[in-house]
Structure formats: C-alpha cells, structure tokens
Amino acid sequence: MKNIEKVKNYNQRLLAVFGTVASLLVIGMLLLTFLEILVDSFPRRSQDNPSGILSEEQVDILRKDSLVKESISYEFPMLVDTLNSIYLIPVSPQTLQDATEYSGKRLNLTSRFSSKENYKNRYYGTQVNLLVYDAKNGATDKLFSNRVVINSFTWKRLKNDYFLIMDVAEKDTNKSGEINVRDLKVLYIYSFKNKDIKRVEERNATIMDYDFVPDSYDLILRFGMDKDNNGSFDYYNEPSIIKTYNIESGELNSIVSSELDVELLRIITGMGL
C-alpha cells in the first residue's frame, strides 16, 4: 500500500510540474503575440533609415562621363483587383559601390534597397517606381516617367474603381546629395479605371500622413510645415496642419478654420484670455 501511495504522489507531482510548464509556455506565447501586435500598431518611420537615390546634380556629374551607380530590381507582384487580375509591381533601387561605365545592361551590384513593410495595409519602403500589370491582357505600364522615391503606398476600392495613394519625394530638397524620404514629399493618387494620376501638394510642406474618410472620396491629409525653408521637416520643432482632399473635385481644404486656429493659439500662449 505504501508503494502504491508513493507512486500516486509521484504521479501527482509529475503532473503538477508538467501543468506548470505548460501554463508558462502558454503565457509566454500570449506575451509574444501581444508584443508583436503592440509593435505592429506603430507605423515604421522610414526617416530612421533614409535610403534613396542620387540627386539630379549627382547624376548629371556621372552622366558627363557616361558613368552610372544605380540600377533597379523588381519585387514580387501584389494583387490589387482580383476580378480583373490587376497587379502592382514595386521597383526597388540598387546601387554600386563604385561608378561604372554605362552599357545599358543590368549591372553587378553590391547593395539593394527593397525594404517593404506592411502597416495597416500601407506598404513602406524605398521604391523608385510602380508598375501596373494587367495579367488578363499581358500589359505592363509604369506610373512615373521621372526619378522619384516612393515612401509608402496603399490602395482602396471606391464603387467601381481602385485608387492608389502614394507619398513621393521628387527632388533633393534638403541638398543632401540624395532623393530620399527626408526630402519634402507630395501625394499622388492613381485611378486604375481611368489610368490617370493626380498630384497633391501643400506649399513649403511635406505630406506626413493620409487616410480615407469611410464611404467617401475624401482623404484626410496631414502636412508638416517647413517653416525655416531648409528643404526638410523637423518633427520636433515645426508644426503640422490637417486638410481634406476630394478625389473627384480636386479640392484641398483646411479642417481647422483660421479663426479656430487663432483661438487655440491664444489658449496655449495665454494671450488674449
């Protein structure tokens, strides 16, 4: 009987140990899942790693000697319109460590910028173009005919059309020698149905954020103001403004009226109270 009791006690202790270990594993998995969700809830800031392409001035210097330092690489196609089999193909820049003579052929490259991260259906990375691939008709078209860097893009279906939204750096506005996401950016909106593209900008500002108003053709936009005119936006020392843009009418309007803006300024400064 004593041996039976010892075996029972041993089995109970063994089960208790296994139960504790299993509980700890479950808790650990839940914590990891929570941390992943928490990390993904914050958008990636490409400004922390501003890879880009050479400025026009740098390209002109190389062009005089028929030299190049950049090429391209194609990312895997992304399905946009299932019914019509329409895809987007991101085009990423590649760079050489040393300039080489231009031959019109693909180069042996030493580094590549192709980081593409997804945050709430918005794709962040360094792209120099986007291709629209019509798989049914076997047709492929480019969106840009000039040198640009696309910081992020997303798309949305409205009625019988899909709209592609992109924030894009077009020039080396901060004179760093590169076109990258630290330069002032503008917004582009492409209609897959009409195959036309619209450009939206705020003077002396950069597009910071954008999102659709539900069930409408309105976008809410946030612009960072380049108050010191140095060609870049300082997140800590320069202000941002909020506006709406209607895709159909092309109207860009302030959400906060000038009167309300002055009133808020008086409140924070304590002036006029």
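I began with E170, which forms a salt bridge with R199, the closest N and O atoms being 2.7 Å apart. I take a salt bridge to be a side-chain nitrogen of Lys or Arg within 4 Å of a carboxyl oxygen of Asp or Glu. E170 lies in the loop between β11 and β12 (178-179) and R199 in strand β14, so the pair ties together parts that are 29 residues apart in sequence. Strands (E, at least two residues) and helices (H or I, at least four) are DSSP runs, numbered from the N terminus.

I note that this is a predicted model, where local features need pLDDT of at least 70 and side-chain atom pairs count only at pLDDT 80 or more, while totals for chains, interfaces and linings use all residues. Residues are numbered from 1 along each chain as its sequence is written, and side-chain values use heavy atoms, with hydrogens and water left out.

E170 is buried, with a relative accessible area of 18%, whereas R199 is partly exposed at 40%. Buried means under 20% relative accessible area, exposed means over 50%, and partly exposed is in between (1.4 Å probe, protein chains only).

R199 also forms a salt bridge with E201, with 2.8 Å between the closest N and O atoms. E201 is partly exposed, at 44% relative accessibility. Shared partners join E170, R199 and E201 into one network of salt bridges.

I then counted salt bridges in the structure and found 4. One of them is between the side chains of R122 and D209 (2.8 Å, N to O). R122 lies in strand β7 (residues 122-127) and D209 in strand β15, so this pair ties together parts 87 residues apart in sequence. R122 is buried, with a relative accessible area of 11%, and D209 is partly exposed, with 31%.

I moved to E202, in the loop between β14 (196-200) and β15 (205-212). Is E202 buried or exposed? E202 is buried, with a relative accessible area of 16%. Leaving aside neighbours within four places in sequence, E202 is in contact (heavy atoms within 4.5 Å) with F223, M225, I241, K243 and L252.

I followed L252 from there. L252 sits in strand β18 (residues 252-254) and is partly exposed, with a relative accessible area of 26%. Beyond four places in sequence, the residues L252 touches include V200, E201, E202 and Y245. The C-alpha atoms of L252 and V200 are separated by 8.3 Å, although the two are 52 residues apart along the chain.

I checked N151 in strand β10. N151 is buried, with a relative accessible area of 7%. The N151 side chain makes a polar contact with the side chain of D167 (2.8 Å). A polar contact is a pair of N or O atoms within 3.5 Å; within protein, one must be able to donate a hydrogen and the other to accept it, and residues adjacent in sequence count only if both atoms are side-chain atoms.

Last, I looked for nonpolar cores, sets of buried Ala, Val, Leu, Ile, Met, Phe, Trp, Tyr and Cys residues joined through side-chain atoms within 4.5 Å. The largest has 20 residues, and F153, L164, M166 and F192 have the most contacts inside it. Strand β11 gives the most to this core, with 4 residues. Another core, of 17 residues, lies apart from it, with L187, I189, A205 and Y210 among its members.
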